[in-house]
Amino acid sequence: MNELDEPLIWTIKGNMPLAQLRYETEWTVTDEFIKFVEKHIDSSGEVVKQSSHVYDRVGVSARLFSAKLGE
Amino acid sequence: MANSNAMCTSFKRDLLNGVHVFGTGVIRASTAADTFRAALYLTTASIGASTTAYSATGEVSGINYAAGGVAVVNGTPPAASGTTAYWTPTAAFLWPTVTLAASFDAVLVYNSSQSNKAVSTHTFGPQTVTAGNFSLTMPVNDGTNALLRIS
């Protein structure tokens with residue numbers, strides 16, 4: 001097996017062997033958004049790669065009013 | 001059917017399309033849609049309803065993040081449902097392979113065709129990104145969930 005056979009992943013420390021990293025995920029669910037965070041952590045406990053994906057469940061709204069005349 | 005007191009739904013949609021001008025308008029180069037962008041802001045910033053235009057103050061910075069953010073994909077014109085006019089970008093906002101070490105929690109959508117004037121701000125809880133991706137997927141484009149709604 002040569003080094004090209006080992007899956008690597010890009011991190012803050014450059015390419016690192018994926019098998020040497022711990023993978024953790026975290027979910028946050030609210031009425032406004034759902035967030036998925038994935039972390040790759042090296043043997044020293046440092047987060048060397050972290051991505052975040054947010055689904056905006058609902059945008060923002062404005063309400064217009066027209067005056068009632070004669071009241 | 002009796003008459004009623006109402007703000008016309010077509011007017012709300014027309015506002016999103018820049019049809020009516022009650023004050024001083026702007027000179028447009030064409031009838032094409034404006035170009036919009038999305039920029040990320042630190043948790044220490046204070047963007048919100050009082051924001052009038054894009055500013056680099058409080059904007060995130062880091063590896064592979066360009067000041068001013070990313071272009072918003074605008075493939076679907078404003079629509080109306082019931083008495084609500086609405087609009088949503090047609091693609092997620094995506095920042096690939098970035099490192100944003102300082103915590104951020106908000107995005108500003110602004111009009112880069114009109115002096116970077118602010119459109120809306122949206123928060124999504126604090127996070128950082130390390131040699132990874134940050135994506136912000138848009139809500140369903142309807143009268144209840146769309147990114148921008150005028151009711």
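1. Two strands are taken to pair if DSSP finds at least two bridges between them. In this predicted model, strand S3 (residues 22-29) of chain A meets that criterion with strand S4 (residues 33-41) of chain A: eight bridges join them, and they run antiparallel.

2. As for the whole of chain A, the assignment gives six strands and zero helices, so the order from the N terminus is β-β-β-β-β-β. The radius of gyration is 23 Å, well over the 11 Å that the globule rule gives for 71 residues, so chain A is more spread out than a compact globule. The C-alpha trace spans about 85 × 20 × 15 Å along its principal axes. Of the 71 residues, 14% count as buried. Contacts between residues at least 6 apart in sequence include 26% that join residues at least 24 apart.

3. What does each chain bring to the contact? Chain B gives 30 residues and chain A gives 27 residues. On the side of chain B that touches chain A, the elements giving two or more residues are strand S6 (117-137) and strand S7 (148-150) of chain B. S6(B) gives the most, with 15 residues. By type, this side of chain B divides into 13 nonpolar, 15 polar and two charged residues.

4. Strand pairing also crosses between the chains. Strand S6 (residues 60-62) of chain A and S7(B) run parallel and are joined by three bridges. In this pairing Val60(A) stands opposite Leu148(B).

5. Gly59(A) sits in the loop between strand S5 (47-56) and S6 of chain A. Is Gly59(A) buried or exposed? Gly59(A) counts as buried because it has 23 C-beta neighbours inside 10 Å, where the cut-off is 20 or more. Leaving out residues up to four places away in sequence, Gly59(A) touches Thr88(B), Pro139(B), Asn145(B), Ala146(B), Leu147(B), Leu148(B) and Arg149(B). Gly70(A) is eleven residues from Gly59(A) in sequence, and their C-alpha atoms are 36 Å apart.

6. The largest nonpolar core has 25 residues; those with the most contacts inside it include Ala38(B), Tyr41(B), Leu100(B) and Leu108(B). Strand S1 (36-42), strand S5 (93-111) and S6 of chain B each give two or more residues to this core, and S5(B) supplies the largest share, ten residues. Leu108(B) is in contact with residues including Ala38(B), Ala39(B), Tyr41(B), Ile47(B) and Ala118(B), its neighbours within four places in sequence left aside. Another core, of six residues, lies apart from the largest one and has among its members Tyr86(B), Trp87(B), Ala146(B) and Leu147(B). Of these, Ala146(B) and Leu147(B) are also touched by Gly59(A).

7. On confidence, the model scores ipTM 0.90 and pTM 0.93. Chain B averages a pLDDT of 96, and 100% of the residues score at least 70.

Methods: Residues are numbered from 1 along each chain as its sequence is written. Chains are lettered from A and ligands numbered from 1 in the order in which they are written. This is a predicted model: local features need pLDDT of at least 70, side-chain atom pairs count only at pLDDT 80 or more; totals for chains, interfaces and linings use all residues. Helices (H or I, at least four residues) and strands (E, at least two) are DSSP runs, numbered from the N terminus. The radius of gyration is taken over C-alpha atoms; the globule rule is 2.2 Å times the number of residues to the power 0.38. A residue is buried if 20 or more other C-beta atoms lie within 10 Å of its own, exposed if 12 or fewer, and partly exposed in between; C-beta atoms are placed from the backbone. Two residues are in contact if their C-beta atoms, placed from the backbone, lie within 7 Å. Ala, Val, Leu, Ile, Met, Phe, Trp, Tyr, Cys and Pro count as nonpolar, Asp, Glu, Lys and Arg as charged, and the others, Gly among them, as polar. pLDDT is the predictor's confidence in each residue, from 0 to 100. A nonpolar core is a set of buried Ala, Val, Leu, Ile, Met, Phe, Trp, Tyr and Cys residues joined through C-beta atoms within 7 Å.
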